[in-house]
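Hi,

Here is the structure I promised to pass on to you. Have a look at it first, and then read on for what turned up in it.

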Amino acid sequence: MLTCDDYLIPTSLDDALELMTRHSGRQRIVAGATDILPWAREGRAGDVHVEHLIDISKVAELNEVSFGKGRVRLGAATPFQRFLDRDDLVKALPNMRHCAIWFADDQIRECATVGGNLANASPAADGTPPFLALDAEIELARREDGRTVRRRMPLSQFITGPGGNQLVTDELIVAIECDALPDYGGSFEKVGHRRSLVIAVACVSALVSIDRSGRHFDDVRLAVGGVGPKALRLADVEALLRGAPIEAGVIDEASRLPLDLVQSRTRQAYRREVFRGFVSRALAGAARDAGAEIDAVEAELEVHHHA
Amino acid sequence: MPDMIVEATVNGRKIKKIAQTHQRLLDFVREELELTGTKDGCGAGECGACSMFVDGRLVKSCLVPVGKAQGSEVETIEGLGRTGELSVMQKAFHKAGASQCGYCIPGMVMAATAAIRVNPAVGDEEIKERLGGNICRCTGYQKIFDAVGLARDVMNGRLPATALDEDAAEGGRYIGANVRRLDAPSKVSGALKYAGDQVMPQMLHVQVLRSPHAHARIVSIDTSEAEAMEGVEAVVTSADVPGKDGFGVFVHDQPIMARGKVRYVGEAIAAVAAEDLLTAKRALQKIRIEWEQLAGLFDPDEAMQAGAPVVHDYAPDNLVKHIPIRKGDVERGFAEADLVIEERFETQQVEHAYLEPEAGIGYVDPDGVVTIVSPSQNITHHRHMLAEILAMPINKVRFVMSPVGGGFGGKEDMIYQGMLALLAIKSRRPVKLVFTREESIATTAKRHPSRTSYRMGLTNDGRIVASEIRVIYDGGAYGMSTEGVIRKGAILAAGPYAVPNVKIDTYGVYTNNTPSGAFRSFGSLQTQFATESMLDMAAENLGLDPFEIRRINAMQAGDLTHTKQELKSVSLLQCLDGAEKASGWETGAPTVRGATREDLDGEGCRKPCRLGARFHAEIPAPKLSEVA
């Protein structure tokens with residue numbers, strides 16, 4: 001059970017950071033609360049007492065979503081459900097709705113935030129691969145000498161390993177900024193034990209743009225999670241596919257390329273097998289989403305995969 | 001305890017109430033507002049029983065700190081049918097028979113209501129997707145999906161409102177007709193009070209200290225510091241049991257709380273009744289126990305070996321029970337056989353996972369009758385046992401069966417009712433205990449893990465001529481239902497097949513694992529799994545169709561079972577015919593099928609799970625604000 005002496009609900013970023021500094025070492029941040037409450041139960045952290053819980057979900061800046069110069073800025077407290085029900089986000093971030101539909105369930109998506117998902121830095125987090133594919137940057141803020149200091153870094157640097165990130169004491173994720181790619185198609189594939197509410201055994205997200213003929217990949221972005229300590233972009237696969245024809249043979253070859261990346265400690269053989277299927281399915285799915293005619297390619301891929 | 005004032009609108013009414021800062025919205029609504037229609041099934045966001053609307057959005061209130069509800073608009077199951085009449089969705093659940101134990105249903109109705117509000121034209125696949133965060137253990141979901149589809153069609157005018165009325169029984173015949181359940185309105189509305197929903201004046205809250213060790217001697221227990229705490233009204237241990245301590249479905253080998261030693265991780269050692277839950281929890285940490293570790297026994301085969309650690313002194317061989325069945329002469333049968341198959345099978349522990357965790361209230365009524373209200377599946381037996389344990393006449397012990405939010409056999413054991421009785425007597429106040437989901441999984445009986453050694457002899461024409469079956473069931477730390485389970489397992493071990501020579505031995509053994517107990521099928525699943533697997537292997541070996549080999553061996557009316565019960569009527573052949581037809585079975589031995597099978601991928605076959613039905617909705621979903 002999670003208990004606290006007080007539950008603070010700041011409404012401005014400066015107030016939130018000030019509270020964090022003032023109660024340094026005796027506070028914890030609550031955003032969506034969907035991780036912290038199950039964590040403070042028997043079998044995990046057990047009964048936990050935190051003097052000050054600081055709920056940042058009402059901070060205005062952390063809830064803002066804005067668009068500019070080919071980028072999207074998402075306040076860190078943006079819940080995942082917005083990727084499904086905000087038309088502008090569905091359009092600008094073509095892989096995020098596919099990620100969101102596999103993320104927990106409708107109820108939890110209403111609470112769980114993008115900042116919380118990335119801050120927890122789970123190797124299997126659903127949010128990391130699609131944001132890596134979107135070239136996301138993380139903006140952080142903390143109080144120093146009575147003023148708010150901000151810094152930013154690529155998401156790939158922000159997450160340092162399982163549960164590890166670059167946040168320093170009393171620092172907060174303010175926003176995630178990523179590419180707006182309305183002309184791309186997106187996809188997300190995940191395997192777990194059931195369809196809702198599962199932690200991914202492995203997940204992958206792809207973003208694809210196609211040339212005018214509709215028969216060649218133009219740009220390809222691919223990122224995977226759950227197969228190692230950190231989610232990764234697959235630069236070599238992307239390079240292989242840029243400009244390549246959208247054909248089963250090409251996709252199949254690409255899906256074999258990253259198998260050595262699978263270095264998870266458990267169920268490695270299984271993860272390798274699903275991984276290959278995933279990569280090819282994600283690429284085909286994103287190409288379809290981008291407008292490519294892909295029925296025949298997908299049918300052929302099925303045969304390749306069973307071969 | 002730190003608190004805060006919460007102002008919000010709940011079901012259309014303004015409220016201003018004191019909440020404890022650590023409460024979840026679920027606790028606040030249930031405890032401070034006394035709206036208990038919303039259920040706590042897991043406390044970890046997994047089951048969805050606590051679903052409610054906050055500012056029009058469906059959330060799981062076990063994951064919402066109460067502070068988040070400040071100034072918000074909350075809608076619970078109680079808010080759906082405001083005029084005293086059920087909402088269309090609730091009526092549809094009633095009509096479709098979409099509630100059984102009912103515990104998941106308020107959350108299910110809320111999720112279904114959300115689905116319709118977001119998309120009034122919600123398609124069948126999208127319904128499944130939107131209810132993905134809600135777990136039901138009883139219905140298998142189909143009736144729930146049917147109910148949501150029915151409500152949608154009535155709301156959209158595709159079906160008349162009369163579609164929600166009870167169907168008239170054809171020709172006055174109720175067998176085979178869809179009949180609405182009498183208790184469904186109380187469940188779909190959230191009005192029904194399960195044990196955990198009930199409160200009594202002056203009620204205390206109970207927490208249980210549980211063993212961290214699988215097998216250890218309790219050298220001493222010191223509860224004095226806990227008892228001295230402000231707010232703690234009573235602490236009990238086995239020393240407080242006045243009568244003959246021991247319960248169980250067959251053998252009374254389990255004390256109310258550990259007596260002298262613990263036998264499994266999670267076994268109750270002491271229980272505290274305090275003014276509030278937090279105080280009771282904190283008091284547990286003040287109980288001092290001196291342990292002496294004992295060698296643990298975790299493997300059922302090892303339990304049967306000489307020199308193994310002994311779990312119960314009365315059973316130095318660790319044997320709960322051995323059930324032998326002998327019929328004919330198996331060695332002669334094997335000598336006649338053309339094919340003899342030998343195989344080993346293992347099955348694992350299974351948790352019942354009913355949505356309602358164990359809960360109960362104990363009090364002593366004005367006439368001195370010790371009363372226990374709990375979702376017990378066996379109140380009369382519990383009453384008899386508790387009277388002996390309390391050394392009270394039977395007319396001074398009363399059991400009230402509260403609505404059972406799912407049992408499946410898991411609520412047959414009297415594992416907490418005794419503690420409630422002792423605490424009510426000692427504190428002279430009503431006491432209430434509600435298990436957490438973790439506590440429920442860790443401490444209640446499971447389906448018996450089993451190891452089966454099987455030898456089956458058959459003739460070339462597919463007739464079973466001998467079956468030799470030896471099963472070891474891991475009973476865990478206490479007897480509970482083991483004796484009955486292994487007896488049923490033995491009786492049904494050779495399957496519904498006419499086998500002339502049978503030798504069956506089932507053993508239930510003690511180990512220091514979590515106790516095993518009653519669970520749907522009561523021991524027969526373990527042996528049926530083995531028998532049916534053997535028949536499939538035999539069919540493959542003999543080139544027979546798996547349906548055919550079962551028909552060849554099926555018991556018929558007039559046959560005697562292996563334990564000499566005469567069967568007056570047998571429907572196995574009709575069953576096989578029905579299954580063969582419904583599955584679209586491709587006739588032939590298991591070996592005849594190559595890479596492709598005609599009977600797969602057809603109608604009724606489950607497709608791989610895909611999500612995203614809402615992306616392809618035929619009618620675009622209107623904005624939330626446009627929906628009433």
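This is a predicted model: local features need pLDDT of at least 70, side-chain atom pairs count only at pLDDT 80 or more; totals for chains, interfaces and linings use all residues.

**Two helix pairs**

Let me begin in chain A, with helix H11 (residues 248–256) and helix H12 (residues 268–289). Their axes come within 8 Å and cross at roughly 135°. Angles over 145 would count as roughly antiparallel and 65 to 115 as roughly perpendicular, and H11(A) and H12(A) are therefore oblique to each other. The crossing of H11(A) past H12(A) is right-handed. On the H11(A) side, the residues that meet H12(A) are Ile251(A), Asp252(A), Ala254(A), Ser255(A) and Arg256(A). Facing them from H12(A) are Arg276(A), Val279(A), Ser280(A), Leu283(A) and Ala284(A). By type, the residues of this contact of H11(A) with H12(A) comprise five nonpolar, two polar and three charged.

Chain B has a helix pair to set beside that one. Helix H2 (residues 88–96) and helix H3 (residues 105–118) of chain B pack at an angle of about 125°, and their axes are 10 Å apart. H2(B) and H3(B) are therefore oblique to each other, and H2(B) passes H3(B) in a right-handed crossing. H2(B) brings Met89(B), Gln90(B) and Phe93(B) to the contact, while H3(B) brings Ile105(B), Val109(B), Ala112(B), Thr113(B) and Ile116(B). What is the make-up of the contact of H2(B) with H3(B) in nonpolar, polar and charged residues? There are six nonpolar, two polar and no charged.

**An enclosed strand in chain A**

Strand E10 (residues 172–179) of chain A is worth a look. Seven of its eight residues are buried, so E10(A) is largely enclosed by the rest of the structure. Strand E5 (residues 71–75) of chain A pairs with E10(A) in the antiparallel sense, over five bridges. Within that pairing, Leu74(A) has Ile176(A) of E10(A) as its bridge partner. Strand E6 (residues 137–144) of chain A also pairs with E10(A), antiparallel and over five bridges. Here Leu140(A) stands opposite Ile173(A) in E10(A).

In chain B you will find an open sheet of three strands in the order E9-E7-E11, with antiparallel pairing. Strand E9 (261–262) and strand E11 (288–293) of chain B are at the edges with a single partner strand each, so one side of each has no neighbour in the sheet. Two bridges join strand E7 (residues 216–222) of chain B to E9(B), and Arg217(B) has Lys261(B) as its bridge partner in E9(B).

**A covered helix in chain B**

Helix H1 (residues 25–32) of chain B is mostly covered, with six of its eight residues buried. Which residues of H1(B) are buried? They are Leu25(B), Leu26(B), Asp27(B), Phe28(B), Val29(B) and Arg30(B). The cover over the buried residues of H1(B) includes strand E1 (3–10) and strand E2 (13–20) of chain B. Just after H1(B), Glu34(B) takes a positive phi of about 55°.

**Positive phi in two loops of chain B**

Two further residues of chain B may interest you for their backbone. Tyr141(B), in the loop between helix H4 (124–130) and helix H5 (142–155), has a positive phi near 75° although it is a residue other than glycine. Asn318(B), in the loop between helix H9 (300–303) and strand E12 (319–327), has a positive phi near 60°, again in a residue other than glycine. Are these two buried or partly exposed? Tyr141(B) has 16 C-beta neighbours inside 10 Å and so counts as partly exposed. Asn318(B) has 22 C-beta neighbours inside 10 Å and so counts as buried.

**Where the chains meet**

Finally, the interface: 32 residues of chain B are in contact with 31 residues of chain A. On the side of chain B that touches chain A, strand E4 (57–60) and helix H8 (277–284) of chain B each supply at least two residues. The largest share, four residues, comes from E4(B). That side of chain B divides into twelve nonpolar, twelve polar and eight charged residues.

Happy to talk any of this through.

Best wishes

Note on methods
Residues are numbered from 1 along each chain as its sequence is written. Chains are lettered from A and ligands numbered from 1 in the order in which they are written. A residue is buried if 20 or more other C-beta atoms lie within 10 Å of its own, exposed if 12 or fewer, and partly exposed in between; C-beta atoms are placed from the backbone. Axes are lines fitted to C-alpha atoms, for helices over the stretch in contact, and angles run from 0 to 180 degrees between N-to-C directions. Angles under 35 degrees count as roughly parallel, over 145 as roughly antiparallel, 65 to 115 as roughly perpendicular and the rest as oblique. A crossing is left-handed if the near helix is turned anticlockwise from the far one by less than a right angle, and right-handed if clockwise. Two residues are in contact if their C-beta atoms, placed from the backbone, lie within 7 Å. Ala, Val, Leu, Ile, Met, Phe, Trp, Tyr, Cys and Pro count as nonpolar, Asp, Glu, Lys and Arg as charged, and the others, Gly among them, as polar. Two strands pair if DSSP finds at least two bridges between them.
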